[in-house]
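The sequence and structure come first, and the notes follow.

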Amino acid sequence: MILDHLPALQVVVPLLAAPLIVLLRSGRLGWLIATAVSWTGLVVAVLLFLRVQDAGTISYAMGSWAPPWGIEYRVDALSSYVLVLVSLLAAVVLPYARLSIAAEVPSDRHYLLYAMFALCLCGLLGIAITGDAFNVFVFLEISSLSGYVLIALGRDRRALRSAFQYLIMGTIGATFYVIGVGLLYLMTGTLNLADMATRLGAVQEVRPVLAALAFITVGLSLKIALFPLHIWLPGAYAYAPSAVSAFMAGTVTKVSVYVLLRFMFGIFGVRLVLPGLPLLEILTLLSAVAMVVASLVALLERDLKRLLAYSSVAQIGYITLGLGLGNVDGLTASVVHLFNHGVTKTALFMLVGGIALRAGSCQLDALAGLARRMPVTCFGVVLAGLSLIGVPGTAGFITKWHLVLSALQAGQWWVVVVIATSSLLAAAYVWRFVEVAYLRIPTGPVAREEAPLSMLAPAWLLVAACIYFGLDTSFSLAGARDAAVMLLEGAR
Amino acid sequence: MNLAGHYSYWMTILLMVAGLYIVVARSNLIKKLIGLGIFQTSVYLLYIAPGKLIGGTAPIVSEQFAVYSNPLPHVLILTAIVVGVATLALGLALVVRIHEEYGSIEEDAILEIDQHTAADQGRDGQPS
């Protein structure tokens, strides 16, 4: 009985938790509720994923109003995959968050932070599960607005400036998206995504549809932080509280990529995307530039969190590159990299949060000889860093392998060169940390001082996942391939 | 092409471009938020205008009325207005906090302050 309502529970539980946390006004209870909610969410997401594997797409009529009139929640191979990713990262980050947040945020604001966290989780899950174009916008804004607050709670005053900049750019992006949806609604008379896809085939006048495509792509690219629309990202990730950086780095941009995938292949389809605009070529080119330029900037950064943030911009390039190549292998690489990069980057930000706690700084210069103080943490950073580079046996390699396959299949040799260059640059910026932490002589006295276990254990769980999903791809790759095949079939 | 007939669209485009221009061109954070508000408002027009039929009434099924306006865009925009208000409120709250911390709401001045801080930190971070 209750199993039939899983799609609603996925969103409603965190949505109800947020006001409850505010009413209770207790940081500790807030953390307990948020953690319980995130674990419930993970169970629901896994159950949904298994059901979709067994029985195919689930369509859930919210409030029993039949689609396309009511709002439909639609769980298919792609959305269930994203649901698992988002709820997994939330469930791992929240146990980590208690001590990390306690060290970084004044205690009278803890309950507000956990309320915003629950709301952000609700928004992100909602984006992935809903089958209604306008509903996507509402959830996008729920997750973004709570995200701005989460970033602004950072210790550094630059967090405020970054949150404001993100608010301006994020709102412009969301508004562009609404303009696009409005044009589509004018042309098709429906907001249900599946219904829109069928009706769009009958639309004669292509120009407004192409305008909608352009608005939606640019709007979502702002949210994705696709180069050169990425300038909000480094500040936002660098100055937010560590637990927030970890959660957002793994989820926020990924969910926006999901929406873009959904629109480009699920709604507009190859029929419009390919001949109408040189969209895929532009995406490929921008991704290639992002992969090289952002990696170069990361190479020059002196702050470890900013270095990781720029590396995120480069890694987002990998995701959109697969999208731009547009064949099954490329899309598989995109979707699997949502997962692989989500896990890798969240692990890294969590470990760096531990470093910030103990060393009191993320400036590389201040971390000389860190491996003697925090050997377990530093080894974790190195392992996750290997996944970032894409060394065989790590999750990152799976993505690169499929990207290379896809580029060869599309006959784009230069892309392979770009991937190799970007990997070398990644190796260089990860090496900078290794050099500082392992090879430099520490300036002060050396005492073993690891991050607390409740922070170290969740981070290492994800580090282990970086390795595990590089060896056993039966969940990550198979799920991604199902999603890619589904997207391309829908696009024909 | 009927210029006067597309009056509402011209207004929409004008507001849209003006709002976006203010966001980009102004350094004052409050003015940026005003521009953002105008930009969002233009989208409300974009949705509502096509939903209205001249002479159309609210969709109440009755023998006296034959032509109805589409209520859906109005409802959507009600939601969008709520989102817009929330964004504006949060934006203003952030500006208040920024003013408390930096003592300025001019973006250029804030950037300059931050660059000075970063430079100081860089000097401190160097091993002596």
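Where in helix 1 of chain A does a kink lie? A bend of about 30° is found at A:Val12, shortly before the proline A:Pro14; the bend is the angle between axes fitted to the seven residues ending at a residue and the seven starting there.

## Basis of the model

The model is predicted: local features need pLDDT of at least 70, side-chain atom pairs count only at pLDDT 80 or more, and totals for chains, interfaces and linings use all residues. Residues are numbered from 1 along each chain as its sequence is written, while chains are lettered from A and ligands numbered from 1 in the order in which they are written.

## Helix 1 of chain A

Helix 1 of chain A covers residues 6-24. Helices (H or I, at least four residues) and strands (E, at least two) are DSSP runs, numbered from the N terminus. With 19 residues, helix 1 of chain A reaches 26 Å from its first C-alpha to its last, close to the 27 Å expected at 1.5 Å a residue; the expected span is 1.5 Å times one less than the number of residues.

The buried residues of this helix are A:Pro7, A:Gln10, A:Val11, A:Pro14, A:Ala17, A:Ala18 and A:Ile21. A residue is buried if 20 or more other C-beta atoms lie within 10 Å of its own, exposed if 12 or fewer, and partly exposed in between, with C-beta atoms placed from the backbone. An α-helix has 3.6 residues a turn, so residues three or four places apart point the same way. The buried residues of helix 1 of chain A pack against helix 2 (27-55), strand 1 (58-61), strand 2 (72-75), helix 3 (77-104) and helix 4 (110-129) of chain A.

## Backbone exceptions in chain A

Most residues other than glycine have a negative phi, and most peptide bonds are trans. A:Arg25 sits in the loop between helix 1 and helix 2 of chain A and counts as partly exposed because it has 13 C-beta neighbours inside 10 Å. A:Ser64 also has a positive phi, near 60°. This residue belongs to the loop between strand 1 and strand 2 of chain A, and A:Ser64 is exposed, with 7 C-beta neighbours inside 10 Å.

The loop between strand 1 and strand 2 of chain A also holds A:Pro68, which is joined to A:Pro67 by a cis peptide bond with omega of about 5°. Another cis bond runs from A:Phe227 to A:Pro228, with omega near 0°. A:Pro228 is in the loop between helix 8 and helix 9 of chain A.

## Core and burial

The largest nonpolar core has 223 residues, of which A:Ala118 and A:Ala163 touch the most other members. Such a core is a set of buried Ala, Val, Leu, Ile, Met, Phe, Trp, Tyr and Cys residues joined through C-beta atoms within 7 Å. Helix 6 (residues 158-188) of chain A gives the most to this core, with 19 residues. Leaving out residues up to four places away in sequence, A:Ala163 touches A:Tyr148, A:Ile151, A:Ala152, A:Ala236 and B:Leu94.

A:Ala236 is one of the buried residues of helix 9 of chain A. In helix 9 (residues 232-239), eight of its eight residues are buried. A:Leu210, in helix 8 (residues 207-224) of chain A, is partly exposed, with 17 other C-beta atoms within 10 Å. A:Leu210 and A:Phe268 are 58 residues apart in sequence, and their C-alpha atoms are 9.0 Å apart.

Chain B has four helices and zero strands. Its C-alpha trace spans about 85 × 30 × 25 Å along the principal axes. The radius of gyration of chain B is 23 Å, whereas a compact globule of 128 residues would have one near 14 Å; the radius is taken over C-alpha atoms, and the globule rule is 2.2 Å times the number of residues to the power 0.38. Of the 128 residues of chain B, 22% count as buried.

How many residues of chain B are in contact with chain A? There are 28, and they meet 26 residues of chain A; contact means C-beta atoms, placed from the backbone, within 7 Å. Helix 2 (29-51), helix 3 (71-102) and helix 4 (107-125) of chain B each supply at least two residues of this side, and helix 3 of chain B gives the most, with 13 residues. The residues of this side of chain B divide into 18 nonpolar, six polar and four charged. Here Ala, Val, Leu, Ile, Met, Phe, Trp, Tyr, Cys and Pro count as nonpolar, Asp, Glu, Lys and Arg as charged, and the others, Gly among them, as polar.

Key
Two residues are in contact if their C-beta atoms, placed from the backbone, lie within 7 Å.
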